[in-house]
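Okay, thanks for coming, everyone. Let me put this one up on the screen and we'll walk through it together.

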Amino acid sequence: MDKNFEEEQSTGIIKFTPPLYKQRYEFIKDLVGKYKPKKVADLGCADCTLLWMLKFCSCIEVLAGLDICASVMKENMHRLSPLPGDYLQPAERSLTITLHHGSVAHKDPCMLGFDMVTCVELIEHLEESELNKFPEVVFGFMAPSIVVISTPNSEFNALLPGVTLFRHPDHKFEWNQAQFRRWALETARRYDYSVEFTGVGHPPTGMENVGFCTQIGVFARNSLPTTESAQSEKPTEAVYKTVFKAVYPSLKDEKYLQNAVVSEVIFTAQIIKQSLLDCLISEHEEYDDDPTERKSKLQPSVKRFSEDLGNLVVEKSVEPFVNGDVVYIPLTTIFSFHKVNRLCGTFEKLCKFIAGKVTLSSDGSAVVLNTEHKNE
Ligand code: SAH
């Protein structure tokens, strides 16, 4: 059985593999994979490592972090910025990441509308007065569908080397399993949530009653989501300070979509042109100078080429052709290519996106390319 730890025989010291913090983050990632939330807030996000991991989950469109310590967030927040590759190939989904400086003991409207809220090793850092306000802020005010709370299980401490009172000097308390269960069940009851208990960091064989090293409560809201009108009745005064905001390039933004369409149209047209020219050259060699024979041979070649590429989604009405040193590639042909079709959705949108960006024939029905590489 994989227990995610190694017990060193000589010392009896427990070493978790992967490290416990990674197991906690993986646990959250798995939950995101299961519930597919669009909007996730991480409270007590510290150096933003979990947020950084979550930005790769394609279901997420909004990520927010909150911490009472601005400097710890700022240390590594650059990791949350888009990379050059994100601009070169914008994703289909939109993604906005925001970091706020503030306390989980205070309500702020920027924390409304989240589907999932994670609190990884946060509550044991809260003063009693903050812990008392925490459930009303998270479960009453934010009221997401899912809340995940992890906290140390004090029963495991005896198995951890060097731990006397608490695992960290900033911890205000550490609960045993019964204490966490009592608090979680009472909170769930008060705000109409269900809670399931689990954890990461298995105890050694024969000591199962000690429980997980990190205890986790996964809370699921029982009632239907609050409507936007009900949420707007909630207090709206902003108390958090936004310290970071990144809006990722996305094909949902017309500007990036247009760029993507134009690039794809030019790329597709170039491939078609090259195929035509290759055919022409080989036909020329084969039939020397009989144009009728050449054309009849050329058309099936283009068709075959298109079919080879696969993914054609509509029937082509006009075939591409070469006239002198100009290649005409009908927009209908280009639109029939899967990627162009998927990006644009409709033929009208294709025409709109490429207008003024790609050289077209006088009637606007075909992309015009030169047989040479000039001006392309
Ligand atoms: N979630 C992170 C950090 C845990 S340490 C992880 O898993 O590694 C707890 C974090 O909570 C610290 O960064 C601390 O600054 C923050 N914190 C403590 N009190 C807070 C409060 N009242 N509101 C928001 N964040 C708080």
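This is a predicted model: local features need pLDDT of at least 70, side-chain atom pairs count only at pLDDT 80 or more; totals for chains, interfaces and linings use all residues.

So, to get us going: in what sense do β12 and strand β13, residues 366-370, pair, and over how many bridges? They go antiparallel, with five bridges between them.

If you find Ile 329, you'll see Val 367 of β13 standing opposite. On to the other pairing: β11, residues 321-323, runs antiparallel to β12, residues 326-330, and that pair has three bridges. Here Val 322 is the residue facing Val 327 in β12. β11 and β12 make a hairpin with two residues between them, and Gly 324, in the turn, has a positive phi of about 65°.

Okay, zooming out. The protein chain has 12 helices and 13 strands. Of its 376 residues, 47% are buried. And if you take contacts between residues at least 6 apart in sequence, 71% of them join residues at least 24 apart.

Now the inside. As a general point, nonpolar side chains in soluble globular proteins tend to be buried together. In this model, the largest nonpolar core has 41 residues. Those with the most contacts inside that core are Val 32, Leu 54, Ile 60, Leu 99, Val 148, Phe 156 and Phe 244. Several elements supply at least two residues each, including α2 (49-54), β5 (96-101), β7 (146-152) and β10 (241-247). Which element gives the most? That's α1, with six residues.

Let me pick out Val 148 from that list. Leaving aside residues up to four places away in sequence, Val 148 touches Phe 27, Ile 28 and Leu 31, then Val 117, Thr 118 and Cys 119, and also Ile 216, Gly 217 and Val 218. There's also a second, separate core, with 33 residues, and among them are Phe 141, Trp 175, Trp 183 and Val 195.

That's my tour, so over to you for questions.

Notes: Residues are numbered from 1 along each chain as its sequence is written. Side-chain values use heavy atoms; hydrogens and water are left out. A nonpolar core is a set of buried Ala, Val, Leu, Ile, Met, Phe, Trp, Tyr and Cys residues joined through side-chain atoms within 4.5 Å. Buried means under 20% relative accessible area, exposed over 50%, partly exposed in between (1.4 Å probe, protein chains only). Helices (H or I, at least four residues) and strands (E, at least two) are DSSP runs, numbered from the N terminus. Contact means heavy atoms within 4.5 Å. Two strands pair if DSSP finds at least two bridges between them.
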